[in-house]
Amino acid sequence: MGIKLNKVAKAAKKYKHILIIMRHAKAEPFGGKDDLERELTDKGLKQAKTVGKGIEALGLKPDQISCSAATRTRQTLDRMLKIFGDDPIVDYRINLYDGGVQAVFDELAHVKPKQRVFMIVGHEPTVSIASQWIASADSDAERLDLLNLGLSPASLVIFGSDKPFDEWQVHSGDLLAVINVKDFD
C-alpha cells in the first residue's frame, strides 16, 4: 500500500491541530544494557534523519515535542532536531517510557492551545495502542488495521482535529496517515 505524501500534507492543512505519534528509530537489540540505555544503530540514525526530512517536507514541523527519556528516543529526536532547528519546545518525559497509554493522554492535556503541531516520540506497544485509542470511530479501516500490527521502528501516525490538544479524548483525532520510514524514500 503506497502512501501519497502530498495527499497527507494537503489533508493536514484542513485541521487546526495535528498530532504526530512516532516510534523511535531502529535500536540495538536487547541484552547487555539496561533497556532504558539502548542506543540507536547506524541504520536507526539514518532512519531518524530521513523521517525528520519527511516531516519537514510535509510542512508539519512540530511546534512542541514530548519525547521519552530513553536513550534511543532522545537520539531519534536529536537527529530530527538537526532538521527542525531550535524552534520546537522539547520536553523529555520518563512517563513516555514506562507510563503506558495514559502518559500519551497526559502529554496532550498539557499542550498550549496555540500549538498547531504536537509530536510524541515513544515506544511500542504504547504508541500503536494510544493511536488506536485516539483514532476517531470513522477512521479508515485499512489505516486502523496497520495500527493493530504495531508500528515498526521510525514509523509515525498523523492525526488531525480542530479541537485543541487539551480537549482530545478517546477517538478525538481523524487518522490521516500511518507512515513507515520507507514511505519517505
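## A buried charged pair

Arg38 and Asp35 are both buried in this predicted model. The two residues form a salt bridge. Their closest N and O atoms are 2.8 Å apart. Arg72 joins them: Asp35, Arg38 and Arg72 are linked in a network of salt bridges.

Arg38 has a further contact. The residue lies over the face of Phe30, at 4.0 Å from the ring centre.

## Other salt bridges

How many salt bridges does the structure hold? There are five. Side chains of opposite charge can pair when their charged atoms come close.

One of the five salt bridges joins Lys61 and Asp87. Here the closest N and O atoms are 3.2 Å apart. Lys61 lies in the loop between helix H2 (42-57) and E2, and Asp87 in the loop between helix H3 (71-84) and E3, so the pair ties together parts that are 26 residues apart in sequence. Lys61 is partly exposed, at 29% relative accessibility. Asp87 is exposed, at 58%.

Arg93 and Asp91 also meet through their side chains, in a salt bridge of 3.7 Å from N to O. Arg93 has a relative accessible area of 29% and is partly exposed. Asp91, at 23% relative accessibility, counts as partly exposed too.

## The sheet

Six strands make up an open sheet. Their order is E3-E2-E4-E1-E5-E6, and the pairing is mixed. Which strands stand at the edges? They are E3 (89-93) and E6 (174-179). Each has a single partner strand, so one side of each is left without a neighbour in the sheet. From one strand to the next, the twist averages 15°.

Inside this order, E2 (residues 64-68) pairs with E4 (residues 117-122). The sense is parallel, over four bridges. Cys67 stands opposite Val121 in E4.

## Helices on the sheet

Helix H5 (residues 100-108) packs on the sheet. H5 touches strands E1 (17-23), E2, E3 and E4. The direction of H5 makes about 155° with that of E4.

Helix H6 (residues 126-134) lies across E1, E4 and E5 (156-161). H6 runs at about 155° to E1.

## Aromatic rings

A search of the whole structure finds two aromatic pairs. In one, the rings of Phe165 and Trp168 have their centres 5.3 Å apart. Their planes stand at 40°, so the pair is tilted.

Are these residues buried or exposed? Phe165 is buried, at 1% relative accessibility. Trp168 is buried as well, at 2%. Ring pairs link Phe118, Phe165 and Trp168 into a cluster.

Definitions and conventions
Residues are numbered from 1 along each chain as its sequence is written. This is a predicted model: local features need pLDDT of at least 70, side-chain atom pairs count only at pLDDT 80 or more; totals for chains, interfaces and linings use all residues. Side-chain values use heavy atoms; hydrogens and water are left out. Two strands pair if DSSP finds at least two bridges between them. Helices (H or I, at least four residues) and strands (E, at least two) are DSSP runs, numbered from the N terminus. Axes are lines fitted to C-alpha atoms, for helices over the stretch in contact, and angles run from 0 to 180 degrees between N-to-C directions. Contact means heavy atoms within 4.5 Å. Rings of Phe, Tyr and Trp (its six-membered ring) pair if their centres lie within 6.5 Å; planes under 30 degrees apart count as stacked, over 60 as edge-to-face and the rest as tilted. Buried means under 20% relative accessible area, exposed over 50%, partly exposed in between (1.4 Å probe, protein chains only). A charge sits over a ring if NZ of Lys or CZ of Arg is within 6 Å of the ring centre and within 35 degrees of the ring normal. A salt bridge is a side-chain nitrogen of Lys or Arg within 4 Å of a carboxyl oxygen of Asp or Glu.
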